[in-house]
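Please consult the sequence and model shown below alongside the text.

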Amino acid sequence: MRDALCQLGASLHRRGYTHGATGNISIRQGDGFLMTPTGVRLDSLAPERLSALDPSGRHCGGDPPTKEAALHLAMYASRPKAKAIVHLHGSQSVALSLLADIDPEDVLPAYTAYFVMRVGRLRLLPYFAPGDLSLAKAVGEASQHAYALLLAHHGPVVAGSSLEAAADTAEELEQTAAIHLRLHGKACRCLSAAQREALLTQFPQSV
């Protein structure tokens, strides 16, 4: 799992889903957690240096964890079936979060079936300053009802039933944000309300 987490981080960084030393990934391992360390680029992760946290969230091995550790722990507490969390700072999703005319309760239209199947309805959380523990509290409360969230001026945070599932959902969100930005202000043909509800019924939240 350590190798898989590092390989995923490198892949996401290489393909532009995050940049510099931004973004963080975690997995639930046994009773505790493994997380990417603070200040480390996702394309420079080393398996032996990943941060280990015990069930209470206390750092117990490896390098110091990401500054967003509280955010991850809050989401795990709200979604006990979640096995992994991916939090990115993708430019498309961040740009999406800045638009003044989006509905914070339902950010993106149903452009594709795959977005509805993997993300469902996307909720926007308000801006919190970096390191503000109120962000973790807000994520914990909102993630009781959704496993994919968009943080204003910040980026998406996604829980999954596996590392691959969390990454797939995060990538789908970023690509759909790019579609929205390209189509913004243009008349579009989206899935109908009935088609969207049918997909949400057929593919309910799994974590």
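The structure holds zero disulfides, a disulfide being a pair of cysteine sulfur atoms within 2.5 Å. For Cys6, the closest cysteine sulfur belongs to Cys60 and lies 17 Å away, too far for a bond. For Cys190, the closest cysteine sulfur is that of Cys188, at 5.5 Å, which is also too far for a bond.

Cys6 is buried, with a relative accessibility of 8%, while Cys190 is partly exposed at 34%. Here buried means under 20% relative accessible area, exposed means over 50%, and partly exposed covers the range in between, computed with a 1.4 Å probe on protein chains only.

## Basis of the model

This is a predicted model, in which local features need pLDDT of at least 70 and side-chain atom pairs count only at pLDDT 80 or more, whereas totals for chains, interfaces and linings use all residues. Residues are numbered from 1 along each chain as its sequence is written, and side-chain values use heavy atoms, with hydrogens and water left out.

## Packing of H2 against H5

Helix H2 (residues 69-78) packs on helix H5 (residues 133-142) at an angle of about 20 degrees, and their axes are 8 Å apart. That angle makes H2 roughly parallel to H5. Helices (H or I, at least four residues) and strands (E, at least two) are DSSP runs numbered from the N terminus. Axes are lines fitted to C-alpha atoms, for helices over the stretch in contact, and angles run from 0 to 180 degrees between N-to-C directions. Angles under 35 degrees count as roughly parallel, over 145 as roughly antiparallel, 65 to 115 as roughly perpendicular, and the rest as oblique.

The crossing of H2 and H5 is right-handed; a crossing is right-handed if the near helix is turned clockwise from the far one by less than a right angle, and left-handed if anticlockwise. From H2, the residues Ala70, Leu71, Ala74, Met75 and Ser78 meet Leu133, Leu135, Ala136, Val139 and Gly140 of H5, where contact means heavy atoms within 4.5 Å. By class, this contact comprises eight nonpolar, two polar and no charged residues. Ala, Val, Leu, Ile, Met, Phe, Trp, Tyr, Cys and Pro count as nonpolar, Asp, Glu, Lys and Arg as charged, and the others, Gly among them, as polar.

Helix H1 (residues 2-14) and helix H6 (residues 163-183) cross at roughly 15 degrees, their axes coming within 11 Å. H1 and H6 are therefore roughly parallel to each other, and H1 passes H6 in a right-handed crossing. Ala4, Leu5, Leu8 and Leu12 of H1 meet Leu163, Ala167 and Glu171 of H6. The residues of this contact divide into six nonpolar, no polar and one charged.

The axes of H3 and H6 come within 8 Å and cross at roughly 55 degrees. That makes H3 oblique to H6, and the crossing is left-handed. On the H3 side the contact involves Ser91, Gln92, Ser93, Ala95 and Leu96; on the H6 side, Leu173, Glu174, Ala177, Ala178, His180 and Leu181. Six nonpolar, four polar and one charged residues make up this contact.

Arg2 lies in helix H1 and is partly exposed, at 31% relative accessibility. Beyond residues up to four places away in sequence, Arg2 touches Leu34, Pro47, Glu48 and Leu50. Arg2 and Ile27 are 25 residues apart in sequence, with a C-alpha to C-alpha separation of 9.1 Å.

Val94, in helix H3 (residues 91-98), is buried with a relative accessible area of 19%. Not counting residues up to four places away in sequence, Val94 touches His89, His153, His154 and Gly155.

His153, one of the contacts of Val94, is found in the loop between strand S7 (148-151) and strand S8 (155-160). His153 is exposed, with a relative accessible area of 52%. Although not a glycine, His153 has a positive phi of about 60 degrees. Most residues other than glycine have a negative phi.

Thr66 lies in the loop between strand S4 (59-61) and H2 and is buried, with a relative accessible area of 8%. Leaving aside neighbours within four places in sequence, Thr66 is in contact with Asn24, Met35, Thr36, Pro37 and Thr38.
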